Amino acid sequence: MTLKSVFAGFGGQGVLMMGYLLALTSMRQGKNVTYLPAYGAEVRGGTANCTVVVSDEEIASPVASNPDIAVVMNNPSLMKFSNLVRSGGTLLINSSLVESKIGRTDLNLVPVPVSDLAHELGEDRSANVVMMGAFVAVTGLLNLDAFKEALAETNLGKKPKVLELNRKALEVGAAAARQALGKE
Amino acid sequence: MTKRLMRGSHVLGEAAVRAGCRYYFGYPITPQNEVPEYMSGRLLEVGGTFVQAESEVASINMVMGAAMAGARVMTTSSSPGVSLKQEGISYLAGLELPAVIANMMRGGPGLGNIAPAQGDYFQATRGGGHGDYRCIVLAPASCQELCDLTLRAFDLADKYRNPVMILGDGMMGQMMEPVEFPEPIDPASLPAKDWTLTGAAGRPQRTILSLLLDPKVLEAHNYKLTRKYDAITRAEQDWETYLCDDARLVVVAFGTAARIAKGAIKRVREMGVKVGLFRPKTLWPFPYQPLAELARDTRHLLAFEMNSGQMVEDVRLAAAGQGEVYFYGRPGGVIPTPDEVAHQISHYYYGAGLDQAAAVAHRA
Amino acid sequence: MKKIFSKPQSLKPTVMHYCPGCGHSIIHRLVAEAIDQLGIRERTIGVPPAGCAVLAYNYFDVDMGEAPHGRALAVATGLKRVQPDKVVFTYQGDGDIAAIGTAETIHAANRGEKLTAIFVNNGTYGMTGGQMAPTTLVGMGSTTTPQGRNPDRDGTPLDLTQMLAVAKGSVYLERVAVNSPKNIKRAAAAIKKAFQVQLDGLGFALVEVLSMCPTNWKMEPVKSLEWIDQTMTQVFPLGVIKDLTGYDSKGETA
């Protein structure tokens with residue numbers, strides 16, 4: 001099993017934290033993992049992205065020219081990454097902010113309104129964690145509990161109240177994704 | 001010991017601290033700014049000293065002073081900054097001072113770009129500065145190996161009283177991977193050095209000099225260095241082989257390029273292509289002999305680098321005319337994909353008819 | 001009979017290689033006397049320059065570590081940061097400290113490194129054969145200014161010590177000369193004070209010493225002594241440039 005994921009969005013949407021949370025959780029579950037953030041001039045001007053490779057085997061390249069899944073939090077990221085996802089791969093989009101039509105028909109398109117769901121939770125900044133819940137449901141890579149546990153090791157889980165909120169956000173995201181996939 | 005998910009630049013810093021390094025002098029340059037950032041905080045915690053110097057030139061000279069005082073000391077930079085340090089590295093070698101220098105290479109020449117590249121191979125392995133000298137050059141290919149080789153770098157520097165360079169790249173500086181760190185070494189537990197400048201209290205004056213005006217004296221010093229380099233060459237070569245036993249073609253690559261090559265090799269192996277990997281972990285001393293044996297047995301080596309052809313010269317020296325040496329490289333900070341390298345492997349493999357049993361009959 | 005004159009302990013009994021009339025040997029002696037008087041010989045480390053004083057380690061009987069040209073204060077920074085209890089001084093010429101090493105000099109001063117710098121200004125590149133220095137006077141001949149230093153082509157003499165005064169980390173800066181008994185006495189006090197500043201951990205101290213180079217000035221030694229008074233001090237006036245030490249006139253802590 002090898003899964004190559006790209007996370008992309010505005011700076012401030014917690015895009016790098018999403019990748020970090022995936023990498024950390026995967027490591028704790030005994031997987032091999034690489035996390036590569038875009039850096040320098042590429043991320044000036046407010047966009048951010050990172051690539052995470054999770055595998056049962058030794059990982060060759062931490063770069064994903066054709067990721068299995070792209071998680072896009074805003075429109076510019078959709079433009080940049082929708083064409084790169086491998087055929088048959090997944091595009092997980094923040095449908096609260098992303099309006100563009102997707103030209104490709106060979107992708108598994110999963111729209112989840114994570115910004116709206118975060119707002120309903122009373123914490124706009126938790127949209128990235130809501131999206132991670134959706135990511136878990138869509139990929140089935142690891143179970144939600146593993147992510148809930150790993151949250152405590154990150155800045156998202158430093159205070160008990162915030163940790164509780166973010167664990168809730170994971171559940172909300174997972175439920176919304178299952179709904180979008182027609183699993184519920 | 002639990003694994004930590006850490007960025008390469010931080011791994012480098014943490015490994016240095018665990019090696020007993022308490023002094024860091026540096027100047028920011030992308031893509032390794034996180035090293036000075038990490039050290040500025042971490043050295044405070046362990047009672048060490050961090051100085052952000054006014055330039056790479058100043059920082060390597062501060063390293064020189066700290067090394068004269070007997071400390072384990074490190075500076076880090078990326079390609080253009082390492083060019084500026086070359087004067088000091090030549091002096092470190094001439095003065096026989098131990099120091100660790102990391103180069104997280106970026107695209108060049110000139111200002112180039114900040115993407116990962118391997119264009120400083122010549123600079124690192126051929127000396128880089130003026131005069132007859134060598135740096136020990138270590139090339140990690142993962143964050144864990146970056147940790148392990150950083151610890152080894154400090155040991156080698158002290159053992160041989162020689163500068164040691166860790167040759168990584170921008171990707172290794174930025175990438176996070178799980179790392180297990182060893183227990184930290186207490187600098188006070190390290191063996192005392194009997195040549196340091198500590199003040200002539202109850203002993204004669206000590207000097208640390210590279211000015212040797214009498215040609216005969218300088219010649220003798222150079223021969224002494226040469227004997228040291230010979231000893232390092234005999235004792236410190238390190239490399240990894242992967243699937244070489246039945247290989248009919250061997251890819252030779254180091255650092256990031258080697259892991260990309262490994263991915264490519266896995267792919268073509270699924271199609272029955274018998275290819276292996278030779279990965280030098282010490283670029284100087286370069287492991288000529290084990291590679292020569294592979295050249296003798298396979299007759300087909302493919303050097304793959306993220307530059308326009310530098311290590312390939314060492315591969316040719318190793319092969320010494322035994323078979324073909326091919327080259328594939330991408331310069332300028334382009335990160336080649338495993339697919340692209342797999343394509344190159346197939347090209348040379350089938351081009352030489354290595355899928356035919358007759359073509360490899362010489363091995364029998 | 002009472003012995004009233006002897007070689008300082010911090011100087012080796014070696015014949016120096018300097019030209020007749022050169023100021024380096026006097027300055028070496030003053031530095032060695034200061035080290036002796038402060039009783040710090042066994043914990044002092046010197047950093048010599050590239051320049052005429054490159055062989056200073058043959059004369060000073062203290063630990064010495066050689067720096068690349070211009071980098072003495074960076075090397076000294078490393079030595080001192082590892083061993084804050086030791087006394088570290090640099091001995092640098094005008095080319096070393098005020099041309100190729102300008103950046104290292106300014107930033108060591110600005111960081112307030114607890115170092116003592118002895119800056120020998122003789123307005124010429126002695127060791128390489130008399131080329132223009134950053135401190136060469138306008139109109140002064142050199143092997144690279146055969147018709148005299150021309151401000152339009154070569155710029156004007158750089159007053160490094162004055163520049164260092166604006167750096168917050170510099171504590172004591174004084175310009176002295178070694179061309180007369182009176183000036184040598186003043187220079188001796190300044191050099192000793194610059195070491196005292198380091199011992200007291202106050203910050204960066206530098207003494208600029210105007211020194212004779214009869215060989216490259218192409219002057220009789222006696223004439224070169226007069227030339228410092230008559231010409232060089234017009235551009236580089238003697239005196240304290242900055243003093244935040246709070247010491248009284250005897251160099252004692254106030």
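**Ground rules**

I number residues from 1 along each chain as its sequence is written, and I letter chains from A and number ligands from 1 in the order in which they are written. As the model is predicted, local features need pLDDT of at least 70 and side-chain atom pairs count only at pLDDT 80 or more, while totals for chains, interfaces and linings use all residues.

**Entry: which chains touch**

I started with the chain pairs, calling two residues in contact if their C-beta atoms, placed from the backbone, lie within 7 Å. Two pairs of chains touch, and the pair with the most contacts is B and C. Chains A and C make no contact; their closest C-alpha atoms are 28 Å apart.

**Entry: B against C**

Here I find 31 residues of chain B in contact with 28 residues of chain C. On the chain C side, two or more residues each come from β1 (44–47), β2 (63–65), α2 (72–82) and α4 (102–110). Helices (H or I, at least four residues) and strands (E, at least two) are DSSP runs, numbered from the N terminus. α2(C) has the largest share of that side, eight residues. I sorted the chain C side into 13 nonpolar, six polar and nine charged residues. For that, Ala, Val, Leu, Ile, Met, Phe, Trp, Tyr, Cys and Pro count as nonpolar, Asp, Glu, Lys and Arg as charged, and the others, Gly among them, as polar.

I also looked for strand pairing between the two chains; strands pair if DSSP finds at least two bridges between them. Strand β9 (residues 207–208) of chain B pairs with β2(C) in the parallel sense, over two bridges. B:Ile208 has C:Gly65 as its bridge partner in β2(C).

**Entry: A against B**

For this contact I get 16 residues from chain A and 19 residues from chain B. On the chain B side, α7 (170–174), β8 (176–179) and α9 (255–269) supply at least two residues each. α9(B) gives the most, with five residues. I sorted the chain B side into ten nonpolar, four polar and five charged.

**Entry: the sheet in B**

I traced an open sheet of seven strands with mixed pairing, in the order β3-β2-β4-β5-β7-β6-β13 (chain B). The edges are β3 (49–52) and β13 (282–284), each pairing on one side only. From one strand to the next the twist averages 20 degrees; angles run from 0 to 180 degrees between N-to-C directions, and axes are lines fitted to C-alpha atoms, for helices over the stretch in contact.

Inside the sheet, β5 (residues 99–105) and β7 (residues 163–169) of chain B run parallel and are joined by seven bridges. B:Ile101 has B:Met165 as its bridge partner in β7(B). Helix α2 (residues 34–45) of chain B packs on the sheet and touches β2 (23–26), β3 and β4 (73–77), with its direction at about 145 degrees to that of β3(B).

**Entry: a helix pair in A**

I checked α1 (residues 15–28) against α4 (residues 127–139) of chain A: the angle is about 40 degrees and the axes are 9 Å apart. The two are therefore oblique to each other; under 35 degrees is roughly parallel, over 145 roughly antiparallel, 65 to 115 roughly perpendicular and the rest oblique. A:Val15, A:Met17, A:Met18 and A:Leu21 of α1(A) make the contact with A:Asn128, A:Met131 and A:Met132 of α4(A). I count six nonpolar, one polar and no charged residues there.
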